[in-house]
Amino acid sequence: MDNQERKLSSEELEALLKEVETEPEAKILPDVEKPRRKKKKTKIRIDMIIAAIVAVVLVGCVIFMIVHFVGKSNVNSAREASENALQDEKYPEISEVVSNYMRAFLIKDPAKRRAEISKYVDNMGAIDDKEIGYRDYITSYSDIECYTKNGLKPNTYVVYAYYQAKFKNIATAAPSLDVYYVIMDPKPEKSTVFIHNGIKSNDEIDQYIKEVSKDDDVVALKNDVQKELDEACESDRYLKDFINKLKASKQKATQAATKKK
């Protein structure tokens with residue numbers, strides 16, 4: 001789910017679920033023989049030869065510098081990516097908190113739901129009723145798996161949570177991927193893990209997540225999940241219809257919110 005998108009209300013999602021139920025080729029010109037010109041005897045000029053040699057040397061130096069610095073830049077980029085490679089289920093405590101946080105949204109009683117969610121976040125005020133209502137159409141989460149990259153500071157992580165989501169009245173689960181920013185407060189007896197909310201209000205964290213999400217390993221993960229979702233939609237027309245309508249509605253809502261600004 002895109003953190004920048006406007007969340008739909010539970011009523012809008014319920015309405016969607018009900019709908020699910022019920023260039024030319026160039027012309028070839030003939031060759032024209034050109035009149036031959038008499039060649040003139042060339043005079044050998046030492047100054048021109050020297051100038052040509054100097055030019056060749058200069059060009060060679062420029063090429064060497066370009067290759068050197070570009071190559072160095074590529075090596076640095078590759079090294080940075082390898083030093084912050086995507087890790088699969090490296091931190092069980094993070095996976096546990098993310099799983100509990102996601103499933104807390106499935107609690108029907110509003111008071112109990114908010115109380116449970118508050119256990120796993122650092123800013124409950126960043127979660128509004130729309131955020132909760134947005135998940136009302138999901139009946140269960142399964143196969144939750146957390147992939148992590150190091151965050152901006154020590155003991156912080158960008159978490160890509162993979163899961164299978166079951167929707168109301170639709171048999172086939174939808175493979176999905178959510179992104180979280182998690183902070184781990186290590187202590188001798190037991191580490192404390194919580195999800196950092198309010199990413200939109202923190203430009204530095206938001207920009208960092210966007211940058212690491214461009215890494216090849218993250219792009220590959222996203223592509224894999226999208227492929228899984230496409231296959232699931234092809235196997236279940238109701239899921240495909242719902243996903244398409246959900247995307248259209250979220251896009252429409254986002255455009256409307258943008259116009260108001």
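I began with confidence: pLDDT is the predictor's confidence in each residue, from 0 to 100. This is a predicted model, in which local features need pLDDT of at least 70 and side-chain atom pairs count only at pLDDT 80 or more, while totals for chains, interfaces and linings use all residues. Residues are numbered from 1 along each chain as its sequence is written, and side-chain values use heavy atoms, with hydrogens and water left out.

I looked up the chain as a whole and found a mean pLDDT of 76, with 60% of its residues at 70 or more. Helices (DSSP runs of H or I, at least four residues) and strands (runs of E, at least two) are numbered from the N terminus. Confidence is lowest in helix 2 (residues 46–83), at a mean of 50, and highest in helix 7, at 98.

I then checked residues 23–44, where pLDDT stays under 50 and the model has one contact (heavy atoms within 4.5 Å) beyond four places in sequence. Where pLDDT is low, the predicted coordinates should not be read in detail.

Next I turned to the sheet, which is open, with five strands in the order 1-2-3-4-5 and antiparallel pairing; two strands pair if DSSP finds at least two bridges between them. Its edges are strand 1 (87–88) and strand 5 (192–195), each pairing on one side only. Strand 3 (residues 156–167) and strand 4 (residues 174–185) are antiparallel partners over ten bridges, and V158 has Y181 of strand 4 as its bridge partner.

Last, I noted that helix 7 (residues 216–235) packs on the sheet and touches strand 2, strand 3 and strand 4.

Technical notes:
Axes are lines fitted to C-alpha atoms, for helices over the stretch in contact, and angles run from 0 to 180 degrees between N-to-C directions.
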